[in-house]
Each structure stands twice: as C-alpha cells, then as structure tokens.
Amino acid sequence: MAAALNGVVFSMVLALLALSAPLAFVAGDPDILTDYIVPLSVIPGNIIGGAFFTYTGLRAAVTSTAPANFTVTKASMAEFPALNGQSVSFAALSYPPGSVNPVHTHPRASELLLVVDGALSVGFVDTAGKLFAQDLATGDMFVFPKGTVHWQCNKGNQPARALSAFGSAAAGLVSVPVTVFGTGIDDTVLAKSFKTDVDTVQKLKAALTPTKKP
C-alpha cells in the first residue's frame with residue numbers, strides 16, 4: 001500500500017514538473033532561430049554595414065544639460081528594431097534635484113541601473129512585502145528583480161544621471177500611481193481598498209489621469 005502511494009506521489013511530482021517547466025520559458029523573450037530579426041519593411045539583402053545595428057537616439061540624453069523634469073530616453077525594440085529577439089534594451093535617465101521616477105514595475109525584465117553622475121536613493125519591494133532600499137553614488141549599480149515594484153529618487157541638490165539595462169527587448173512599464181488612479185477604477189473600490197474617502201480618491205484621480213489628446 002505504501003509503495004503504491006509513493007508511486008502515485010512520484011507520478012504527481014513528475015506531472016507538475018512537466019506542466020511547470022514550459023512556464024519558465026514564457027516569462028522572458030522567446031529564443032530566435034536566426035542571428036537577428038529583420039523588420040518586414042526591410043529587405044534583408046539591403047542590410048549592408050552596421051547602420052541597422054546602430055542607434056544614436058541616446059546622444060542628446062547623455063550629453064545635453066540637465067532637464068527641468070525627470071526624463072527617460074528609451075532604446076527598446078520600438079525605437080531600435082535591431083533589438084528584436086536579442087533580449088536586451090537600454091534607457092538613459094535624468095533626475096533634476098528633488099525629482100522621482102515614480103513607483104512602477106517592468107513585467108518582462110529585470111533592470112540593472114548604473115549611476116553615472118550624482119547620487120540616487122533607490123528601492124524595491126519583493127513579493128513577500130519586504131522593502132530593500134539603498135543610497136547610491138556615482139559608479140554604483142543596483143538591480144531591480146523582474147516584476148517588482150521599484151523607484152528611484154534624487155534627494156540631493158544636484159542633478160543625477162543613470163543608465164539602465166533590461167533583460168528584454170520590450171521590458172514593459174506599469175506605473176503604479178497611473179494604473180491605480182488614472183485608469184477609471186471605481187471610486188468606491190479605491191476608497192475601500194485604501195481605507196480613505198471618495199473625495200480623496202477623486203483628488204488623486206484628477207492629478208494622475210492622463211490628459212486626453214484632442
């Protein structure tokens with residue numbers, strides 16, 4: 001009887017492993033069967049030299065004077081088509097004094113941030129609800145695990161700059177404030193969820209709802 005029970009348990013374990021194994025591969029970018037992917041609008045034979053694999057869109061972001069507001073300049077698959085299938089992307093971030101990159105997540109990639117100028121305070125919260133925060137100086141790096149809620153803040157009186165690498169050509173971005181208060185979720189649901197009143201929720205919505213384009 002015990003042997004039979006052990007056999008059933010062993011079979012169930014094998015079945016669970018077989019079912020869960022494919023899920024590990026859909027969490028990131030799929031593997032490709034070629035060295036690179038050419039957009040449908042481009043004739044493969046027309047790719048000569050390295051121009052297709054070169055992106056110059058970050059030049060201004062790393063050489064211009066510090067902006068008045070927090071800014072992100074991306075080099076993802078959308079801006080740099082050669083990244084399609086390469087499981088990598090990049091961003092240049094500029095933080096004027098007192099600015100913040102609001103709490104957000106990247107559902108498809110971890111993020112590796114390098115402070116190239118100034119200082120930043122950063123942090124993330126894991127799925128167990130534990131906070132990990134750190135003050136960074138120029139030359140320091142910090143990794144934000146994939147899917148975790150995280151942020152960066154410049155608490156100083158001097159501008160700061162950082163570069164971020166992502167483990168996906170399209171890491172995705174979910175802004176927590178805008179997603180919660182700027183997407184039309186019912187006021188009562190939010191008020192009860194945050195243990196506040198509808199008036200407070202409506203004030204937050206007014207500040208965070210994206211402006212509709214004409």
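**Annotated residues and a salt bridge**

Visitor: Which residues does the UniProt "binding site" annotation cover?
Guide: The UniProt entry, which is unreviewed, puts that annotation on Asn101, His106 and Glu111. In this predicted model, the lining of the largest pocket includes Asn101, His106 and Glu111.

Visitor: Okay, Asn101 then. Where is Asn101 found?
Guide: Asn101 is in strand S3, which covers residues 100-105.

Visitor: And is Asn101 buried or exposed?
Guide: Asn101 counts as buried because its relative accessibility is 10%, and the cut-off for buried is under 20%.

Visitor: What is Asn101 in contact with, leaving aside neighbours within four places in sequence?
Guide: Phe70, Leu93, Tyr95, Trp151 and Gln152.

Visitor: Now Glu111: which strand is Glu111 in?
Guide: Glu111 sits in strand S4, residues 111-117. Its relative accessibility is 3%, so Glu111 counts as buried.

Visitor: What does Glu111 touch, not counting residues up to four places away in sequence?
Guide: Quite a list, including His104, His106, His150, Gln152 and Phe166.

Visitor: Switching topic: how many salt bridges does the structure hold?
Guide: One. The side chains of Asp187 and Lys205 form the salt bridge, at 2.6 Å from N to O. That pair links distant parts of the chain, with Asp187 in helix H4 (residues 187-193) and Lys205 in helix H5 (residues 198-208), 18 residues apart.

Visitor: Are Asp187 and Lys205 buried or exposed?
Guide: Asp187 is buried, with a relative accessible area of 19%. Lys205 counts as buried too, at 15% relative accessibility.

Technical notes: Residues are numbered from 1 along each chain as its sequence is written. This is a predicted model: local features need pLDDT of at least 70, side-chain atom pairs count only at pLDDT 80 or more; totals for chains, interfaces and linings use all residues. Side-chain values use heavy atoms; hydrogens and water are left out. UniProt positions are given in the numbering used here, feature names are shortened, and annotations may be inferred rather than shown by experiment. On a 1 Å grid over the protein atoms alone, a cavity is a set of points where a 1.4 Å probe fits but cannot get out, and a pocket is an open set with protein on both sides within 12 Å along at least five of seven lines; lining residues have an atom within 4 Å of a point. Helices (H or I, at least four residues) and strands (E, at least two) are DSSP runs, numbered from the N terminus. Buried means under 20% relative accessible area, exposed over 50%, partly exposed in between (1.4 Å probe, protein chains only). Contact means heavy atoms within 4.5 Å. A salt bridge is a side-chain nitrogen of Lys or Arg within 4 Å of a carboxyl oxygen of Asp or Glu.
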